[in-house]
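Have a look around before we start.

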Amino acid sequence: MGELREPLRDLIECGLPQALEVMGERWSFMILRASFNGLKHFEEFLSELGIARNILSNRLAKLVEHGILKREPCADDRRKIEYRLTEKGLDLLPAMLALRQWGQKYGSEQVVEDPVLVDERDRLPIGPVSILAHDGRILGPQDLWLTRPADLGRRADGSLASPGGEARSSLGRGDVVDIEAAKLAATR
């Protein structure tokens, strides 16, 4: 990852410890997964997850406090509360999918997906979550590099790159990528 290293002792300056502070335990992820599956009510979470009432209450409060879920009165019964994903919560979906795929690949037990997570249009299984460059290229660990903010866009040869520059092939929603071909191209 280059000549620079992240200051590992300065955990405050990194997003990972901040994310783990909010999401770093099992029940938070399970509640988030249930929210992605459409659960909204305290009693639904309680019965579907098999979680203790006090733990559920604590985790829901923490997720609301950190802006991942929001509490809203039900439209049909204003006395009942719904927990809904915020934009911040929806942004956790790629991380959830990456963890899910990692668990399926390396878990101690064989995981048979049923139901299978597919894309809505084709109803085929989703591909692996990938690290993408600014222009949509799939990156591997060997492609990652740390740099100072002042050096953003300065290539190794000294030339400058800019978002939207030459050969931009930025991916949009619904774009099709041949993942295997992109991985092969990245290793060349």
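**Around H3**

Guide: H3 and H4 are oblique to each other; oblique is what remains after angles under 35 degrees (roughly parallel), over 145 (roughly antiparallel) and 65 to 115 (roughly perpendicular). Helices here are DSSP runs (H or I, at least four residues), and strands are runs of E (at least two), numbered from the N terminus. This is a predicted model, with local features needing pLDDT of at least 70 and side-chain atom pairs 80 or more, while totals for chains, interfaces and linings use all residues. Residues count from 1 along each chain as its sequence is written, and side-chain values use heavy atoms, without hydrogens and water.

Visitor: At what angle do the axes of H3 and H4 cross?

Guide: Axes are lines fitted to C-alpha atoms, for helices over the stretch in contact, with angles from 0 to 180 degrees between N-to-C directions. These two come within 10 Å, and they cross at roughly 125°.

Visitor: Which residues of H3 are buried?

Guide: Buried means under 20% relative accessible area, exposed over 50%, partly exposed in between (1.4 Å probe, protein chains only). Ser47 and Glu48 are exposed on the other side of H3. The buried ones are Phe42, Phe45, Leu46 and Leu49.
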